[in-house]
Amino acid sequence: LRFVLAKAAISYCMDIMLAMFSIAGGTISTILSSSGLTQTAATTLPDAVITAVQNVTFWESIPLWIVTLLGSLFIWVLSLVMVLTVYGRFFKIFMATALAPIPLSSFAGEPSANIGKSFLKSYAALCLQGCVIVLACVIFSAFASEPPTLGNTDGLSAVNVVWMYVGELLFNMLVLVGAIKTSDRLIRELMGLN
């Protein structure tokens, strides 16, 4: 009986993996449609930043360029880390799908059946990481859709106003990248795979 079950698991391996992947995909699409992220909206700079930048002289603009370039560099690095992390997750899913017949064949023997069970749990965890990543993006978009509150900017230089804006944006992006990077550990703890 175990041999027949193992043979069925190996024969229908791709169907099993696609079913688990489509369940996670359906959950992700439900999260996206419920959050309203499917419609794009333009993000605008706060009026304080626009006014401060427009009133800058040439010599005052040099430190402003430096702040802007540093902020752009940090945002670019964080975006790169985020994209590489997400692509890495997809690569793990593709590799696990390709290698699935090997651990699923362990259902043939009673002592090795736990290997197949833990593989299925690990694969489900890989698929559920996408849900955590989408939830992190939904939370970030809620923060990003509202421009940061800069408070009282009277008497502050343009560099300080822009640095406050870029600093808050960088903080939000750090939270997003941190949530994406820790999605693996969070799901593994929730699934009891540690």
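These exercises walk through a predicted model of one protein chain.

**Exercise 1. Determine how many helices and strands the protein chain has.**

Solution. Start with the count: there are eight helices and zero strands. Next, read along the sequence. The pattern is α-α-α-α-α-α-α-α.

**Exercise 2. Compare the radius of gyration of the protein chain with that of a compact globule of 194 residues.**

Solution. First take the reference. A compact globule of 194 residues would come out near 16 Å. Then take the model: the protein chain has 24 Å. Along the principal axes, the C-alpha atoms fill roughly 80 × 30 × 25 Å.

**Exercise 3. Describe the surface and the buried share of the protein chain.**

Solution. Begin with the accessible surface, which is about 12,100 Å². Carbon and sulfur atoms account for 70% of that surface. Of the 194 residues, 32% are buried.

**Exercise 4. Find how far apart the centres of the positive and negative side chains lie.**

Solution. Count each set. The protein chain carries 9 positive side chains and 9 negative ones. Then locate the two centres: they lie 25 Å apart.

**Exercise 5. State which helix has the lowest confidence and which has the highest.**

Solution. Start with the whole chain. The average pLDDT is 83, and 90% of the residues score at least 70. Now go to the helices. Helix H3 (residues 47-54) is lowest, at a mean of 77. Helix H4 (residues 58-99) is highest, at 89.

**Exercise 6. Decide whether Leu176 and Glu168 are buried or partly exposed.**

Solution. Place the residues first. Glu168 sits in helix H7 (residues 158-181), and Leu176 lies in helix H7 too. Next, apply the cut-off: buried means under 20% relative accessible area. Leu176 has 5% relative accessibility, so Leu176 is buried. Glu168 has a relative accessible area of 30%, so Glu168 counts as partly exposed.

**Exercise 7. List the contacts of Leu176 beyond its neighbours within four places in sequence.**

Solution. Leu176 is then in contact with Met82, Ala136, Cys137 and Phe140. Now widen the view to the protein chain. Take contacts between residues at least 6 apart in sequence; 82% of them join residues at least 24 apart.

Notes
Residues are numbered from 1 along each chain as its sequence is written. Side-chain values use heavy atoms; hydrogens and water are left out. Helices (H or I, at least four residues) and strands (E, at least two) are DSSP runs, numbered from the N terminus. The radius of gyration is taken over C-alpha atoms; the globule rule is 2.2 Å times the number of residues to the power 0.38. Buried means under 20% relative accessible area, exposed over 50%, partly exposed in between (1.4 Å probe, protein chains only). Contact means heavy atoms within 4.5 Å. Accessible areas come from the Shrake-Rupley method with a 1.4 Å probe; for residues, only the protein chains shown count as cover. Lys and Arg count as positive and Asp and Glu as negative; His and the chain ends are not counted. The place of a charge is taken as NZ of Lys, CZ of Arg, CG of Asp or CD of Glu. pLDDT is the predictor's confidence in each residue, from 0 to 100.
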